[in-house]
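Open your viewer and get your selection tool ready.

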Amino acid sequence: MALDITIDQAGGDTAVVALTGELDASNFTTLIEAGRTLHADGTRRIVLDLAGLSFLASSGLVALHSLIRILRGEAPPDPEEGWGAIHSLEFDVSGGGVQNEVALVAPQAAVERVLERTGLKRLFRVHEDRSAALADA
Amino acid sequence: MIKTVSAAAAEARTIEIEARLERLAEVRAFVRATCTELGAADDCVVDLVQAVDEAMTNITTHGYGGASGPIEVTMGPTVGGVRVQIRDRAPAFDPTSVGEPDLDSTRLRPGGMGIHLIRAATDSMTHEHRPGGGNILTLVRTLGRREEED
C-alpha cells in the first residue's frame with residue numbers, strides 16, 4: 001500500500017497533515033519533503049492525523065523527528081547523505097522531550113506500539129481527534 | 001514469486017524478491033497473509049510484519065548497499081508459533097551483535113531503532129552464515145498475545 005499525504009491549512013501557522021497507508025523506508029522522504037514545503041510557506045505547527053496510517057517503520061520515526069526539526073528551522077537530515085547520517089541523529093529529551101511543533105492524532109494500535117517501544121512517544125502530545133489537537137495549540 | 005512448499009495447510013511458504021525498498025509493501029502483504037493462514041493473532045501479525053520489514057530494510061540499504069540482490073523469506077509453523085527465515089547473499093552481518101539503544105537516555109536516536117524493533121517484536125532472533133555466502137536470519141514469535149505486552 002502506498003502512502004497518501006493530504007494537507008489542510010488549519011488557519012494561522014498550523015497545518016493538518018493526514019497520512020493514509022503505510023510509512024516505510026521507500027516513502028519516508030516524501031513526508032520530510034512535505035514538511036520542508038510547508039515550513040517554506042510559513043507553517044510552524046503540524047497536526048499529524050495518523051488515523052489512516054496502518055504501518056510505521058523505523059524510517060518513519062526519522063521522518064517524524066525531521067518534521068520537528070524542520071518546523072524549528074533546523075536542518076533535517078539529508079537522506080542523500082546516507083543512512084550513516086540518519087543513524088547519528090539525536091533528539092535532546094533532557095527537558096522531558098514533549099514538543100509543540102508536531103502533535104499526533106488517533107494513531108492505530110500498531111503505530112502507537114512502535115512509538116512506545118522506541119521511546120519516541122514521549123516527544124508527542126497524542127490526541128483523539130483533530131479538533132482536540134487544534135484546540136491544544 | 002510466491003511458492004507453496006507444500007500443498008497442505010499451515011506448511012512453509014516462501015517469497016523470493018529483489019532487494020528494493022519499493023518491494024517492501026509486497027513482503028509485508030505476504031507476511032500478513034501467511035500469518036493469518038497459520039492462525040496468528042492480530043498482535044503476532046503486527047509484530048512479524050514490523051520485524052520482517054525492518055530486517056528487509058536493513059538488508060536492502062546496508063547489506064546490499066542499494067545494489068540489487070536476492071532476498072528469500074520463508075515462513076512456517078513452529079511449536080506454538082511462527083518461524084520466519086530471511087536469506088540473502090549480502091556480505092556477512094550479524095544483527096544480534098548490535099547493542100540495544102538506551103531508551104532512558106536524554107538523547108534519543110530515532111535513526112537506529114530497526115534492530116531494536118525486531119527484538120521487541122519477536123521472541124528470538126538468530127543469525128547464521130549462509131553456505132556459499134550471505135546470511136540467514138531466523139525470527140520466532142509465539143502465535144498469540146505475549147505476556148509481557150499490556
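How many residues of chain A are in contact with chain B, and how many of chain B with chain A? The contact involves 27 residues of chain A and 26 residues of chain B, with contact meaning C-beta atoms, placed from the backbone, within 7 Å.

Before we zoom in, a few ground rules. Residues are numbered from 1 along each chain as its sequence is written, and chains are lettered from A, with ligands numbered from 1, in the order in which they are written. This is a predicted model, where local features need pLDDT of at least 70 and side-chain atom pairs count only at pLDDT 80 or more, while totals for chains, interfaces and linings use all residues. The model has an ipTM of 0.90 and a pTM of 0.91.

**Stop 1: the interface**

Select the side of chain A that touches chain B. Elements giving two or more residues to this side are α2 (58–71), α3 (83–87), β4 (91–92) and α4 of chain A; helices (H or I, at least four residues) and strands (E, at least two) are DSSP runs, numbered from the N terminus. The most comes from α2(A), with five residues. By type, this side of chain A has 14 nonpolar, eight polar and five charged residues. Here Ala, Val, Leu, Ile, Met, Phe, Trp, Tyr, Cys and Pro count as nonpolar, Asp, Glu, Lys and Arg as charged, and the others, Gly among them, as polar.

Now pick β4(A) and strand β5 (residues 107–108) of chain B: they pair antiparallel over two bridges, pairing being at least two DSSP bridges between strands. Look for Phe91(A), whose bridge partner in β5(B) is Leu108(B).

**Stop 2: helix α4 of chain A**

Select residues 109–117 of chain A, where Val111(A), Arg113(A), Val114(A) and Leu115(A) are buried. Buried means 20 or more other C-beta atoms within 10 Å of a residue's own, exposed 12 or fewer, and partly exposed in between. What covers these buried residues includes β3 of chain A, along with α2 and α3 (114–121) of chain B. After α4(A) comes Gly119(A), with a positive phi near 80°.

**Stop 3**

Show strand β2 (residues 14–23) of chain A and β3 (residues 45–56) of chain A, parallel strands joined by nine bridges. From β2(A) the chain passes through helix α1 (residues 28–40) to β3(A) in a right-handed β-α-β crossover: with the strands pointing away from you, the path from the first strand over the helix to the second runs clockwise. Leu23(A) sits opposite Leu56(A) of β3(A). Also parallel to β3(A) is β5 (residues 102–105) of chain A, joined to β3(A) by four bridges; there, Asp49(A) has Val105(A) as its bridge partner.

Click Thr20(A) in β2(A). Buried or partly exposed? Thr20(A) is partly exposed because 17 other C-beta atoms lie within 10 Å. Leaving aside residues up to four places away in sequence, Thr20(A) touches Asp4(A), Gly52(A) and Leu53(A).

**Stop 4: the core**

Finish with the largest nonpolar core, which has 72 residues; such a core is a set of buried Ala, Val, Leu, Ile, Met, Phe, Trp, Tyr and Cys residues joined through C-beta atoms within 7 Å. Leu23(A), Ile46(A), Leu48(A), Val102(A), Leu48(B) and Val52(B) touch the most other members. Helix α2 (residues 42–63) of chain B supplies the largest share, 10 residues.

Definitions and conventions. Contact = placed C-beta atoms within 7 Å.
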